[in-house]
Amino acid sequence: LFTSLFAGLSSSTALALHFSRQSRVAGALTPMYAAGILIACGTMFPRILIYGAIINRALLPALVWPVMTMAAVLYLGAGLIWLRHRRHTRVEQPELNQNPLDLKSALVFGVLLTVILVLGEWLQQWLGDLGIYVLAATSGITDVDAITLSLTRMSQGDLAAGTAVLGIVIAASVNNLVKSTLAATIGTRHLGVLVGIPMALSLAAGLAVAWAGNLGG
């Protein structure tokens with residue numbers, strides 16, 4: 001679980017993939033793998049707030065509620081799973097073979113960030129807010145950080161704060177949906193259920209709060 005917490009600061013997708021595979025090797029640990037995936041995915045959201053605080057602090061009042069709502073639902077789900085199964089599982093030697101500081105990953109991220117910045121400006125001019133949402137959903141399939149940084153930066157200009165926040169939440173929701181799919185397809189069916197239900201609740205809650213805030217704004 002501590003591995004999951006810190007993996008969420010670097011790559012929750014890598015952890016979700018690894019734990020999904022491991023659930024087929026050590027099925028008895030499936031509940032702990034599920035709790036770990038939820039913790040890692042939940043830790044992604046405070047990271048989003050850090051980006052907002054650094055780049056555009058004015059975005060935080062609108063961003064904090066949907067982001068922390070999604071994180072809280074995932075942490076709660078992980079906590080409930082842990083409480084129910086903590087007495088029946090034991091981890092002998094957990095491992096995660098992933099280097100988040102690999103230079104190749106950093107270069108790919110830089111290229112992705114540049115592409116998203118260019119596409120974001122173009123799609124906003126062409127399709128307005130809809131273009132931003134389409135870009136956010138597409139980007140969220142592979143990465144949340146790049147689209148978060150891009151939309152936060154664009155919100156310093158002519159992009160409305162509500163649109164930026166909803167776009168970030170959409171990207172995060174799609175990204176977590178991808179991780180749920182990994183758990184359900186690569187991992188065991190039990191893992192897919194344990195991960196999928198909290199993920200779905202988190203997605204619905206975050207989108208509802210962000211949408212309400214966008215309408216209010």
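Me: Which pattern does the protein chain follow along the sequence?
Reply: This is a predicted model, in which local features need pLDDT of at least 70 and side-chain atom pairs count only at pLDDT 80 or more, while totals for chains, interfaces and linings use all residues. Residues are numbered from 1 along each chain as its sequence is written, and side-chain values use heavy atoms, with hydrogens and water left out. Helices (H or I, at least four residues) and strands (E, at least two) are DSSP runs, numbered from the N terminus; the protein chain has nine helices and zero strands. Read in sequence order, the pattern is α-α-α-α-α-α-α-α-α.

Me: How many of the 10 residues of helix 7 are buried?
Reply: Buried means under 20% relative accessible area, exposed over 50%, and partly exposed in between (1.4 Å probe, protein chains only). Among the buried residues of helix 7 are Asp145, Thr148, Leu151 and Met154. Leu151 touches Ile132, Leu159, Ala164, Gly167 and Ile168, not counting residues up to four places away in sequence; contact means heavy atoms within 4.5 Å. Helix 7 is mostly covered, and its number of buried residues is nine.

Me: Is Asn176 buried or exposed?
Reply: Asn176 is placed in helix 8. Leaving aside neighbours within four places in sequence, Asn176 is in contact with Cys41, Met44, Phe45, Leu74 and Met199. Because its relative accessible area is 4%, Asn176 is classed as buried.

Me: What is the area of the nonpolar surface patch that includes Leu76?
Reply: Leu76 lies in helix 4 and is exposed, with a relative accessible area of 55%. Patches are made of residues with over 30% relative accessible area and no salt bridge, like charges being joined within 9 Å and nonpolar side chains (Val, Leu, Ile, Met, Phe, Trp, Tyr) within 5 Å; a salt bridge is a side-chain nitrogen of Lys or Arg within 4 Å of a carboxyl oxygen of Asp or Glu. Accessible areas come from the Shrake-Rupley method with a 1.4 Å probe, and for residues only the protein chains shown count as cover. Leu1, Leu76, Leu80, Trp82 and Leu83 make this patch, whose area is about 490 Å².
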